Structure formats: structure tokens, C-alpha cells
Amino acid sequence: MGEINKVLADTTGWQVARVPALIPFQTFFELLASKQFPVATFIRTREELDYLQEPDIFHEIFGHCPLLTNPWFAEFTHTYGKLGLAATKEQRVYLARLYWMTIEFGLVDTPQGRRIYGGGILSSPKESVYCLSDEPEHQAFDPLEAMRTPYRIDILQPLYFVLPELKRLFDVAQEDIMGMVERGMQLGLHAPKFPPKPKAA
């Protein structure tokens, strides 16, 4: 990971930090707030290539690290970490949805066409094809709407939020995100666009 750290340090001042798979919210926010991106050190099997519930090194390095060289993406991620560190448990749930709809499963329009920037998509060959097809719904990115949109982690996403450009993330980082969280908590969640998760037998 030394070479990755050198590239990140030279571009946006970030580093990667080794972690054991899933980590507590508190640790996650502490790392992001200090410009350290958590990277699990195990890797999925061939059978798990399209989907793995826990983030592995392939997901973190291939899906997220390249974008951390972009100053707009890096600033948004850093701001997100600082806000999450100071947020309450209830507020963090709304912040988590914003993260899911951007850093993990976000799309962006470019002069060359629609592109993927979300690490959760980039580390799934199947979802990379599916998300750009006509099958799922695509919605113009609105941070408040993203916070109010439920999701499931074990299915192809029924809805993707699309940035007009990657700089929109930087702009959001300068806005009152916690004010949006409070507004989202007042308004409540949208109805899910997916069926309930089947109960274990």
C-alpha cells in the first residue's frame, strides 16, 4: 500500500489505513476525518466477484482509491468524515444514505456520457453494466432526496442518483449538510423502491 499512499499524499493528502473488514461507524468517521481511507486486507473469492457484503481490498483499492486523487471527491469525503464524527446516532443514519447514494453507488454525467464513480458499482462487474442500462431508475442528484431514500445492500439498486458533474460533490461539501439531515429527519423516508428482504428460514 506504500505506492498508493505516495500517490494519494502527492495529489490530495490522503492515506489508506489497514482495517479488519467492517469497522464501527465511530472508527470509520475518525479515519475519514483525518484523511485516512479504511482498506480491508482480505479479498473476495471468484464466486463472490459480483457481490460481497463486506468491503474487501478489491472494493476499496479499485473502487474508491482512484477517486481519492480527485480534489472534489476528496474534499467531500473529508467533510463527510468530520460531520459524521460530530453527528448523533440518528443523524448518522441519514448521513449513511448520502454516502451510499454517492460514494458507493453514484453516477455522474460527463461530456463523454454517463459514468460510474461509486465504488460499490465499480467493484461489481454485473452492477457496472446494469446501472447504466434502462432497467433501473436514474434521478438527478439532490442531497436531501438521497438522505431520504431507503436502500438494501444485498440487491442491485433500483435507483441511482446522477451528478451533473463531479464538482457537485465539492459544492455539497460547502453547503449545510447537517441542516439537510435535520430537514430529512423531519420529512421522513420515501417509500422503498424494492421488496422487503426475505426473512431467514
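**Aromatic rings in the core**

In this predicted model, ring pairs join Phe 25, Phe 28, Phe 29, Tyr 80 and Tyr 99 into a cluster.

User: How are the rings of Phe 29 and Tyr 80 arranged: stacked, edge-to-face or tilted?

Analyst: Their centres sit 5.6 Å apart, with 45° between the planes. Stacked needs under 30 degrees and edge-to-face over 60. The angle of 45° falls between those cut-offs, so the pair is tilted.

User: OK, and how many residues apart are Phe 29 and Tyr 80?

Analyst: This pair links distant parts of the chain. Phe 29 belongs to helix H2 (residues 25-33) and Tyr 80 to helix H4 (residues 71-86). That puts them 51 residues apart.

User: Which parts does the pair of Tyr 80 and Tyr 99 tie together?

Analyst: The two rings form a tilted pair, 5.0 Å centre to centre with 40° between the planes. Tyr 80 and Tyr 99 are 19 residues apart in sequence.

User: Which residues touch the most other members of the largest nonpolar core?

Analyst: That core has 48 residues. Helix H5 (residues 89-104) gives the largest share of this core, eight residues. The ones touching the most other members are Tyr 80 and Tyr 117.

User: Which residue lies over the face of Tyr 94?

Analyst: Here a charge sits over a ring, 4.7 Å from the ring centre. The residue over Tyr 94 is Arg 97.

Notes: Residues are numbered from 1 along each chain as its sequence is written. This is a predicted model: local features need pLDDT of at least 70, side-chain atom pairs count only at pLDDT 80 or more; totals for chains, interfaces and linings use all residues. Side-chain values use heavy atoms; hydrogens and water are left out. A nonpolar core is a set of buried Ala, Val, Leu, Ile, Met, Phe, Trp, Tyr and Cys residues joined through side-chain atoms within 4.5 Å. Buried means under 20% relative accessible area, exposed over 50%, partly exposed in between (1.4 Å probe, protein chains only). Helices (H or I, at least four residues) and strands (E, at least two) are DSSP runs, numbered from the N terminus. Rings of Phe, Tyr and Trp (its six-membered ring) pair if their centres lie within 6.5 Å; planes under 30 degrees apart count as stacked, over 60 as edge-to-face and the rest as tilted. A charge sits over a ring if NZ of Lys or CZ of Arg is within 6 Å of the ring centre and within 35 degrees of the ring normal.
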